[in-house]
Amino acid sequence: MIDPESYVAPAYRSIGESLVRELARLMVDPAMIALAGGYPGPELFDREGLREASDQALREAPTACLQYGPTDGMLPLREAIAGWMHDCGTPCSADDLLVTAGSQQGFDLLVRTLLRPGDAALVERPTYTGPLRVLKVAGVQTLTVGVDAQGLDVDELESILIEARRGKLPRPKLLYVVPTFANPSGATMPLARRLKLLQLAVEHGVVVAEDDPYGQLRFEGEPVPHLAALVDQVPGARNWVMHLGSFSKVIAPGMRTAWIMGPAPLRRACTLAKQLDDISNPGFTQMTVQRYVAAGRLNAHLPVIVEAYRQRAAAMRDAIAEHLAGRFDCNVPQGGMFMWGQLRGPIDARALLKHAIEEKVTFVPGDIYFADQPDPLALRLSFATPSPQQIREGIARIGRALDRAQRG
Ligand SMILES: Cc1ncc(COP(=O)(O)O)c(C=O)c1O
C-alpha cells in the first residue's frame with residue numbers, strides 16, 4: 001500500500017510547526033502570561049472604527065467587496081496605502097503597489113519569483129523566523145550578517161559580498177532586512193548604515209527586501225527614513241529595493257492587508273505569482289481597510305497604540321531591572337514590540353523556558369532566530385500583548401523560573 005504521506009514534499013515534511021505558534025497554543029490557560037508572540041494587544045484594535053468602515057464598505061461598494069477583483073489590489077485601497085506611505089515619509093503612487101495577504105506573503109512571492117533551489121540569500125543574524133522558513137522550503141542557501149545595537153552590520157555585509165564576488169561564497173541575489181525595530185533584536189539602523197547598505201546592493205546586484213511592519217510604532221527618538229525613501233540618494237538603488245509594508249501591527253493582523261512597493265519588473269512577477277496563489281486579497285477586507293485609512297481613522301488611532309506600547313516597554317524595562325538584574329542583559333528599543341537580550345548563564349533559554357512555563361509565563365528562546373551560529377543564551381520578550389501589570393508579574397515569574405533553574 002502506498003502511503004499518501006510519502007507524497008508530501010520533503011521540505012514540508014521536515015519544516016515542523018513554528019515554536020512561536022506552539023507557544024501561542026499554551027494561551028488557552030488563562031493564567032498564562034504571554035511574553036512570547038508579537039501579537040498586538042487585542043484591546044488596542046479599533047473595533048468600533050473597523051465595524052463602521054466595514055458597514056460603509058458593504059453599503060457603498062458592495063460589488064467591490066463581493067466580486068473578484070484585480071490581483072494587484074483595488075485602486076482605492078492602493079491610493080489609501082500611497083497616502084499612508086506619504087505620511088510615513090516615503091511618497092509613492094498607487095501604481096507602484098501590489099496588495100498582499102500580509103508581508104509574509106509578500107516575502108514568499110519575492111522568493112518564489114527571484115530564487116531557485118541552490119541560490120543564496122542574505123539574512124540578519126538573528127532575524128524573523130517567517131522568512132527563514134520560506135527560504136528553507138525554497139531550498140535557498142542562507143548566508144548571515146551580524147546585527148549589533150544599530151542593526152545590520154554593513155561592514156560585515158561588505159566583506160561577505162566581496163568574498164562572494166571572489167567566488168569564495170555563493171553570490172546572494174536577495175537580502176532580507178528589518179531596518180526599523182527589528183524582530184527579534186528591536187534594533188534600528190541609522191541613516192549612514194542605510195545608505196551604505198543601498199550602495200552595496202547596487203554595487204553587488206542584491207535585491208533588498210525591506211520588511212517594515214513596526215516602523216510607525218515609535219515611542220521615543222526621531223524617525224529614520226525607510227530604505228525605500230532613500231533610493232534617489234544612491235544612483236541605481238531604485239531598481240533594487242522591494243519595500244514590504246503591512247497594516248498588521250497598526251490596524252490588525254486579521255485584516256491580512258499588506259503591500260509590496262518596488263520596481264515594476266519585480267513587482268509584476270510577484271503579481272503573477274499571487275494570481276496563482278489566491279487571485280487577490282479579499283475584496284471585503286480591502287474595501288474595509290480602504291474606508292478605515294481614507295477616513296483618517298488609522299492616523300487618529302495610531303497614537304493610542306504607540307502610547308500603550310510606550311507604557312508596556314517601560315513596565316518591562318523596570319521589571320527587568322528589579323527581577324533580573326545581573327542575570328539578563330537586554331536592549332531597550334525606541335519602538336516596536338520586542339526586547340532582546342542574553343542570559344548571563346549557565347542556564348540557557350530553552351532550559352529556562354521549561355521552568356517559565358511551569359511558572360505560567362512564556363517567552364521565545366532566541367536560538368530559533370538564527371540561520372546559523374545560534375546563541376543559546378538569547379531570548380526575546382514581547383511587550384505587545386499583556387497589560388503593564390501583567391508584564392511586571394510575567395517578568396517576576398521569569399525571575400522565579402531562573403531561581404528554580406539555578407537551584408537545579
Ligand atoms: C518582521 C516581521 N515581518 C512580517 C511579519 C508578519 O507580518 P504580516 O502579518 O504582515 O504577514 C511579522 C510578524 O510578526 C514580523 O515580525
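Author: Let's begin at Q373, which is exposed because 10 other C-beta atoms lie within 10 Å; exposed stands for 12 or fewer such atoms, buried for 20 or more, and partly exposed for the range in between, with C-beta atoms placed from the backbone. This is a predicted model, in which local features need pLDDT of at least 70 and side-chain atom pairs pLDDT 80 or more, while totals for chains, interfaces and linings use all residues. Residues are numbered from 1 along each chain as its sequence is written.

Q373 sits in the loop between strand 13 and strand 14. (Helices, H or I with at least four residues, and strands, E with at least two, are DSSP runs numbered from the N terminus.) The backbone there deserves a glance: Q373 is not a glycine, yet its phi is positive, near 50°.

Which residues of helix 13 are buried? They are A349, L352, L353, H355 and A356. Just after helix 13 comes another positive phi, about 70°, at K360.

Now follow helix 13 to its helical partner. Helix 13 (residues 349-358) packs on helix 14 (residues 388-407) at an angle of about 115°, and the two axes are 8 Å apart; axes are lines fitted to C-alpha atoms over the stretch in contact, with angles from 0 to 180 degrees between N-to-C directions. From helix 13, the contact draws on A351, L352, H355 and A356. Helix 14 answers with R397, I398, A401, L402, R404 and A405.

Let's step back to the domains. The protein is split into domain 1 (4-46 + 300-407) and domain 2 (48-298), with bounds from an automatic or database assignment. Their C-alpha centres are 24 Å apart. Across the boundary, 34 residues of domain 1 touch 37 residues of domain 2. On the domain 1 side, helix 1 (10-14), helix 12 (297-323) and strand 11 (338-343) each give two or more residues. Helix 12 provides the largest share of that side, eight residues.

R256, in the loop between strand 8 (241-246) and strand 9 (258-261), is another non-glycine residue with a positive phi, about 45°. R256 is buried, because it has 21 C-beta neighbours inside 10 Å. You will also find a cis peptide bond between R125 and P126, with omega about 10°; P126 belongs to the loop between strand 3 (120-125) and helix 7 (129-137). A further cis bond runs from N183 to P184, with omega near 10°, and P184 lies in the loop between strand 6 (172-177) and helix 9. Helix 9 (residues 191-204) holds A192, which is exposed because 10 other C-beta atoms lie within 10 Å.

Definitions and conventions:
Contact = placed C-beta atoms within 7 Å.
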